[in-house]
Amino acid sequence: MCAICGSHPCMRGCPNEPEPAVFSTCAYCNEEIVDGEGYVDFEGLEYHEDCFTEAAPGILFEDYGAVRRTAEVDSFVGIGF
């Protein structure tokens, strides 16, 4: 029994709680993705959910050829020339 939280195994948040098992490494931040943590699997790479949200535009533009454009309506359409 833990001397701090009085439980066995230790309760979440107890300083004696063992570190969670590492599942993978985030392809964006290179930090560990640990047991019980949400993640995104994209094209065989794992990302923290927040990291994927931040990285998704770059992935689409750099790796998949997405193009950012500005919508412009042809100024001569409908004039009847």
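**Note on the predicted model**

1. Strands E1 and E2 are paired in the antiparallel sense, and three bridges hold the pairing together in the bridge count. Within the pair, valine 22 stands opposite valine 34 of E2. E1 covers residues 22-25, and E2 covers residues 32-34.

2. The connection between these two strands deserves a look of its own. E1 and E2 form a hairpin with six residues between the strands, and in that hairpin asparagine 30 takes a positive phi near 65°. Asparagine 30 has this positive phi although it is not a glycine, and its place is the loop between E1 and E2. Is asparagine 30 buried or exposed? With a relative accessibility of 59%, asparagine 30 counts as exposed, because the cut-off for that class is over 50%.

3. The second pair of strands is E3, residues 39-42, and E4, residues 45-48.

4. Glutamate 43 lies in the loop between E3 and E4, where, at 60% relative accessibility, glutamate 43 counts as exposed.

5. Taken as a whole, the chain has one helix and four strands, which follow one another along the sequence in the pattern β-β-β-β-α. The helix, H1, spans residues 49-64 and bends by about 45° at alanine 55, with proline 57 following within four residues. Just after H1, glycine 65 takes a positive phi of about 75°.

6. Which residues of H1 are buried? They are Cys51, Phe52, Ala55, Ala56 and Ile59, and the buried residues of the helix pack against strands E3 and E4. Alanine 55 is therefore of interest on two counts, as the residue at which H1 bends and as a residue under the 20% cut-off for burial.

7. The largest nonpolar core consists of eight residues, namely Cys26, Ile33, Tyr47, Cys51, Phe52, Ala55, Ala56 and Ile59. H1 gives the most to this core, with five residues. As a general background to such a grouping, nonpolar side chains tend to be buried together in soluble globular proteins.

8. When residues up to four places away in sequence are not counted, tyrosine 47 touches Cys26, Ala27, Tyr28, Ile33, Tyr39, Val40, Phe42, Phe52 and Ile59.

9. Phenylalanine 61 is placed in helix H1, and a reader may ask how it is classed for accessibility. Phenylalanine 61 is partly exposed, with a relative accessible area of 31%, a class that applies because this value lies between the 20% and 50% cut-offs. Leaving aside neighbours within four places in sequence, phenylalanine 61 is in contact with Ala66, Val67 and Arg68. The C-alpha atoms of phenylalanine 61 and isoleucine 4, which are 57 residues apart along the chain, are separated by 50 Å.

10. In the segment before strand E1 lies proline 9, and a cis peptide bond joins histidine 8 to proline 9, with omega at about -5°.

11. The overall dimensions should be kept in mind when the details above are read. The chain has a radius of gyration of 24 Å, whereas a compact globule of 81 residues would have one near 12 Å, and the C-alpha atoms fill a box of roughly 90 × 25 × 15 Å along the principal axes. Of the 81 residues, 20% count as buried. Among the contacts with a separation of 6 or more, residues 24 or more positions apart account for 4%. The accessible surface comes to about 6800 Å², of which 52% belongs to carbon and sulfur atoms.

Conventions: Residues are numbered from 1 along each chain as its sequence is written. This is a predicted model: local features need pLDDT of at least 70, side-chain atom pairs count only at pLDDT 80 or more; totals for chains, interfaces and linings use all residues. Side-chain values use heavy atoms; hydrogens and water are left out. The radius of gyration is taken over C-alpha atoms; the globule rule is 2.2 Å times the number of residues to the power 0.38. Buried means under 20% relative accessible area, exposed over 50%, partly exposed in between (1.4 Å probe, protein chains only). Contact means heavy atoms within 4.5 Å. Accessible areas come from the Shrake-Rupley method with a 1.4 Å probe; for residues, only the protein chains shown count as cover. The bend at a residue is the angle between axes fitted to the seven residues ending there and the seven starting there. A nonpolar core is a set of buried Ala, Val, Leu, Ile, Met, Phe, Trp, Tyr and Cys residues joined through side-chain atoms within 4.5 Å. Two strands pair if DSSP finds at least two bridges between them.
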